[in-house]
Amino acid sequence: MDFSIRPANVEDCKDIARMIMELAEYEKMAEHVKVTQRDLEQDGFSKNPFFHGIIAEVPEQHRTKEGHTKIGYALYCYFYSSWVGRAVYMEDLYVMPEFRGKGIGKALMRKVAQLGLAAGCNQMNFTVLEWNKPSLDFYFSQGCFDITATVGYHCMRCEGEALERLAQP
């Protein structure tokens with residue numbers, strides 16, 4: 001399958017928003033998606049972006065029946081680990097179902113790894129749902145490991161009213 005991987009630009013935000021919803025539906029979490037196309041435009045393509053993205057695209061002759069040529073994406077950001085220094089966090093890795101198994105997800109993940117290494121990162125972190133065996137198998141096949149199982153870390157979150165209360169003096 002002919003495809004290309006390229007940096008995302010502001011014009012991609014409509015398709016990124018579409019694919020975020022597709023991913024959320026697959027993960028049975030669609031009701032939790034609050035990010036809009038406008039949020040993506042502001043947060044990813046401003047002077048100080050909160051995230052970076054890459055797009056997987058196919059030529060017109062391989063477009064979906066709905067007419068989409070943007071068929072996958074990865075969102076990532078840089079952070080700092082107090083143990084190993086620079087690191088990259090891959091927030092999302094998504095390929096539309098009809099394009100899976102063709103090396104596109106691997107190419108997206110490889111590009112995030114390349115970008116991380118080029119930025120001096122020592123590790124790439126991401127999360128995956130425990131029931132998502134196809135994704136777990138894929139990540140294990142790429143040499144990744146589950147730090148919940150091996151190190152014992154849990155991914156924690158504080159949001160909404162709890163975050164507001166925590167921020168109070």
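Author: Gladly, and please keep in mind that this is a predicted model.

Reader: Okay, and what does α3 lie across?

Author: Helix α3, residues 104-118, lies across β1, β2 (52-57), β3 (70-81), β4 and β5, and its direction is at about 160° to that of β4.

Reader: Which residues of α3 are buried, and what covers them?

Author: The buried residues of α3 are I104, G105, A107, L108, M109, V112 and G116. Their cover includes the strands β1, β2, β3, β4 and β5, together with α4 (133-141). Just after α3 comes G120, which takes a positive phi of about 85°.

Reader: Switching to the sheet, what's the strand order?

Author: The 5 strands form an open sheet in the order β1-β2-β3-β4-β5, with mixed pairing. The edge strands, each pairing on one side only, are β1 (4-7) and β5 (123-125). From one strand to the next, the twist averages 30°.

Reader: How does β3 pair with β4, parallel or antiparallel?

Author: Strands β3 and β4 run antiparallel and are joined by 10 bridges, forming a hairpin with 3 residues between the two strands. Within this pairing, A74 stands opposite L93 in β4.

Reader: And in what sense do β4 and β5 pair?

Author: That pairing is parallel, with 3 bridges between β4 (residues 85-95) and β5. On the β5 side, M124 is the bridge partner of V88, while Q123 stands opposite A87.

Reader: How many of the residues in β4 are buried?

Author: Strand β4 is mostly covered, with 8 of its 11 residues buried.

Reader: Let's go to the other helices: at what angle do α1 and α2 cross?

Author: The axes of α1 (residues 13-26) and α2 (residues 37-44) cross at roughly 120° and come within 8 Å. Angles over 145 degrees would count as roughly antiparallel and 65 to 115 as roughly perpendicular, so α1 is oblique to α2.

Reader: Which residues make that contact, and is the crossing left-handed or right-handed?

Author: On the α1 side the contact is made by C13, K14, I16, A17 and I20, and on the α2 side by Q37, L40 and E41. The crossing of α1 past α2 is right-handed.

Terms used:
Residues are numbered from 1 along each chain as its sequence is written. This is a predicted model: local features need pLDDT of at least 70, side-chain atom pairs count only at pLDDT 80 or more; totals for chains, interfaces and linings use all residues. Side-chain values use heavy atoms; hydrogens and water are left out. Two strands pair if DSSP finds at least two bridges between them. Helices (H or I, at least four residues) and strands (E, at least two) are DSSP runs, numbered from the N terminus. Axes are lines fitted to C-alpha atoms, for helices over the stretch in contact, and angles run from 0 to 180 degrees between N-to-C directions. Contact means heavy atoms within 4.5 Å. Buried means under 20% relative accessible area, exposed over 50%, partly exposed in between (1.4 Å probe, protein chains only). Angles under 35 degrees count as roughly parallel, over 145 as roughly antiparallel, 65 to 115 as roughly perpendicular and the rest as oblique. A crossing is left-handed if the near helix is turned anticlockwise from the far one by less than a right angle, and right-handed if clockwise.
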